[in-house]
Amino acid sequence: MKFYIGSGLKNCDLVNEYAKILEAQGWTHTYNWAKSLKPAETAAELTAYAELEQQGVKDADAVIILLPAGRGTHIELGMALALGKRVFLCSASEEEFSLENTVSFYQLPSVVRLVGTAEDTVGEILRRAGEVPGEKSGS
């Protein structure tokens, strides 16, 4: 399975932790922006980064969004939803999904919301990867 991970810049280490666990399970990372991170100095560099990230989302079977996230991550979320990708929203706490902090798109039936450590949520992603988006699991 191919995956892309979107998150805020402050979560680079967490992105790499998720990637390491998934890659150990045989999954393929379509683009790891956290390993390629270099501050953009020009608009052309920003465009190049955006194109790499957009292609990463397009090429992925599953898009994992690590919360908290910023504007760019929410654009990646929107692309994933529009392209019909499997979407997993992961947070270390329930607070990100509270009514005060959530956004309406987090509530879509095709979005799987997970709370826990990287190891816990990746385990759940692996378990649910074969399910049809929007369907509830049997547990």
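**Figure 1. Glu124, Arg127 and Arg128 are joined in a network of salt bridges.** The model shown here and in the other views is predicted. Two salt bridges are counted in the structure. In one, the closest N and O atoms of glutamate 124 and arginine 127 are 2.6 Å apart. These two residues are 3 residues apart in helix H4, so about one helical turn separates them. In the other salt bridge, arginine 128 pairs with glutamate 124, and the closest N and O atoms are again 2.6 Å apart. Arginine 128 and glutamate 124 also lie in helix H4, 4 residues apart, which is about one turn of the helix. Side chains of opposite charge can pair when their charged atoms come close.

**Figure 2. Phenylalanine 3 and tryptophan 27 form a tilted aromatic pair.** A search of the whole structure gives 2 aromatic pairs, and this view shows the pair of phenylalanine 3 and tryptophan 27. The ring centres are 6.2 Å apart and the planes meet at 50 degrees, so the pair is classed as tilted; planes under 30 degrees apart would count as stacked and those over 60 as edge-to-face. Phenylalanine 3 belongs to strand E1 (residues 2-6), whereas tryptophan 27 is in the loop between H1 and strand E2 (28-29). The two residues are 24 residues apart, and their pair links distant parts of the chain. Phenylalanine 3 and tryptophan 27 are both buried.

**Figure 3. Phenylalanine 97 and tyrosine 106 make an edge-to-face aromatic pair.** The distance from centre to centre is 6.1 Å, with 75 degrees between the planes. Phenylalanine 97 counts as buried at 13% relative accessibility. Tyrosine 106 is buried too, with a relative accessible area of 3%.

**Figure 4. A cis peptide bond lies between leucine 67 and proline 68.** Omega for this bond is about 0 degrees. Proline 68 is placed in the loop that runs between strand E3 (62-66) and helix H3 (71-82).

**Figure 5. Val103, Phe105 and Leu108 make up a nonpolar patch on the surface.** Together, the three residues have about 240 Å² of accessible area. Valine 103 is located in the loop between strand E4 (86-91) and strand E5 (111-115). The relative accessible area of valine 103 is 32%, so this residue is partly exposed.

**Figure 6. A patch of negative charge on the surface gathers Asp13, Glu17, Glu119 and Asp120.** Helix H1 (12-24) and helix H4 (118-128) are the elements that contribute two or more residues to the negative patch. Aspartate 120 is one of the patch residues, and its place is in helix H4.

Methods
Residues numbered from 1 in each chain as written. Predicted model: local features only at pLDDT ≥ 70, side-chain atom pairs only at ≥ 80, totals over all residues. Heavy atoms only, no water. Patch = residues over 30% accessible without salt bridge, like charges linked within 9 Å, V, L, I, M, F, W, Y side chains within 5 Å. Areas by Shrake-Rupley, 256 points an atom, 1.4 Å probe, with all protein chains shown as cover. Salt bridge = Lys/Arg side-chain N within 4 Å of Asp/Glu carboxyl O. Lys, Arg positive; Asp, Glu negative; His and termini not counted. Charge placed at Lys NZ, Arg CZ, Asp CG, Glu CD. Phe/Tyr/Trp six-rings, centres within 6.5 Å; stacked < 30°, edge-to-face > 60°. Buried < 20%, exposed > 50% of the residue type's maximum accessible area, 1.4 Å probe, protein only.
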